[in-house]
Amino acid sequence: MTPELGKYATEVLSSYGVSVAILLALTGISLWRSRRIKAALDALEERLKNDG
Amino acid sequence: MSSIWEYANPKKFIATTDKVLPWITILAVSALVTGLIWGFWFTPEDVRQGATVKIIYLHVPSAMMAINAWVMMLIASLIWIVRRHHVSALAARAAAPVGMAMTLIALITGAIWGQPMWGTWWVWDPRLTSFLILFLFYLGYIALWAAIENDDTAADLTSMLCLVGSVFAVLSRYAVNFWNQGLHQGASLSLDKEENVSNVFYLPLLVCLAGFVMLFLALVLLRTRTEIRARRLRVLLARERMQ
Amino acid sequence: MKALLIRDLKLAFRSGGGFGLGLAFFLIVVILVPFGVGPRSDLHAIIAPGVLWLGALLACLLSLDRIFALDWEDGTLDLLATSPLPLESVANVKALAHWVTTGLPLVLVAPVLGLLLNLPPAGYLPLVISLLIGTPALSVIGTFGAALTVGLKRGGLLLSLLVLPLYMPTLIFGAEVARRGADGLNTTTAMLMLGGITCGAIALLPFASAAVLRANLR
């Protein structure tokens, strides 16, 4: 399945692995923070609407 | 008559990105997946470098975005300094971690790529060293945003830091080249158009470049929306506390 | 403006003003290096120019937070901002005071410390000249960094993180002058670059420092 990487297999695989991992982590954190803050903002605006 | 400055309005920014972001995300994912799979699986090995040449599909786009992210932050900082659009300042803040991640990827892939050639995991090659310095600039910028409580003051300070930092980043580039002149000219990791002119290598690279650009765009838009909401959250909480 | 300079100099030389601490730190760092790298004098000779530059740079760094700290705390900075004296001049004077009390002493002491590290004879003059040209840049750049972090309680580490990358061009060219001089090579290009950076910093950074101070004082 993996292409014929020859003797540089570890280098190529680790490069791809680390890079994809960093990008996934960055995206995941950004999405999680986005959801968290949106939820907090919505909750607060709901509360202010009900109080005011 | 609509101008780009309309999007400086936070509400309009969020409304517009509501519609645009899903498409950008789809473009980003498809370009990245296509490009990386193409590059990883369906390209031949290089005569000299073997399979490590495949690292180019990560290293070059990330290096490009590492620099472009900082340039975008510089422009956004200038817009804040001149026109004081909050969305601009927040966009710069949002872009910094993305740029830093790109720099990190460029550094790691650069080091791994060079290891078979150099025999060590790190060399103070001018290009790698410049990216290491860029990483430090990102770190300082992000740290300053985190340290200042007042939003407007933070935007003012970080935009000045970005401005001054940009000048010194360029100076450092020349300084580092002077400091380590031509030690690795031959093994430089620059994209040599004459060397890699064959479409076999070049086309997947273009796709990966597009993917990285789209990913950067998607992440920055997403994060700017988060920053806008976070700022509104802070403002509302402060207002509530004062009542 | 002269009054401000004299006042700052007096404050620094007063006991508790921090004068001499930079020198002491420089001395200690230089003494520590052989313990870190081993006692071989030929090794010391090779690394001496760089170590001396690094020591001077770090000694400058450590005294940066004092530039605005006292005036921030007792409200003098607010007064200075509203006075007819332009804030850019205030920044310049502060940088000058820092250089006179920290940078200049380091330049004068460096040759003595060069003895400890077996600096080659040809290296003394280039070292002193490079430090003389480079330390003003360190003061001016440091003033910008100090202005950025002036309001923060534990701003010291952040200050270092912000300022050290900005120090790199000066360090690179300064140490190049010192090293090439010690090896007997031509130092003109490096010297010109070093001088250029210092002049540019002195000319332009005060505007940035003033803008940052204004932002912090609002």
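Mentor: Before we start: helices (H or I, at least four residues) and strands (E, at least two) are DSSP runs, numbered from the N terminus. From the N terminus on, chain B reads α-α-α-α-α-α. This is a predicted model, where local features need pLDDT of at least 70 and side-chain atom pairs count only at pLDDT 80 or more, while totals for chains, interfaces and linings use all residues. Residues are numbered from 1 along each chain as its sequence is written, with chains lettered from A and ligands numbered from 1 in the order in which they are written.

Trainee: How do you know how many helices and strands chain B has?

Mentor: The count for chain B is six helices and zero strands. Chain A holds one helix and zero strands.

Trainee: What makes a residue of chain B count as buried, and what share of its 243 residues do?

Mentor: Buried means 20 or more other C-beta atoms, placed from the backbone, within 10 Å of its own; 12 or fewer is exposed, and in between is partly exposed. In chain B, 46% of the 243 residues pass as buried. For chain A, it's 15% of 52 residues.

Trainee: How do you know which pair of chains has the most contacts?

Mentor: A contact needs two C-beta atoms, placed from the backbone, within 7 Å. Of the two pairs of chains that touch, A and B have the most contacts, with 24 residues of chain A and 31 residues of chain B taking part. On the chain A side that touches chain B, you'll find 13 nonpolar, seven polar and four charged residues (nonpolar: Ala, Val, Leu, Ile, Met, Phe, Trp, Tyr, Cys and Pro; charged: Asp, Glu, Lys and Arg; polar: the others, Gly among them).

Trainee: And which residues join chain B to chain C?

Mentor: There, 20 residues of chain B meet 20 residues of chain C. Helix α5(B) gives the most to the chain B side, 12 residues. That side splits into 16 nonpolar, three polar and one charged.

Trainee: What about chain A and chain C, how far apart are their closest C-alpha atoms?

Mentor: They lie 23 Å apart, and no contact joins the two chains.

Trainee: Why are α7(C) and α9(C) called roughly parallel?

Mentor: Their axes, lines fitted to C-alpha atoms over the stretch in contact, are compared by N-to-C direction, from 0 to 180 degrees. Helix α7 (residues 124-148) and helix α9 (residues 188-217) of chain C cross at roughly 15°, their axes coming within 9 Å. Under 35 degrees counts as roughly parallel (over 145 roughly antiparallel, 65 to 115 roughly perpendicular, the rest oblique), so α7(C) and α9(C) are roughly parallel to each other. Their contact has 16 nonpolar, six polar and no charged residues.
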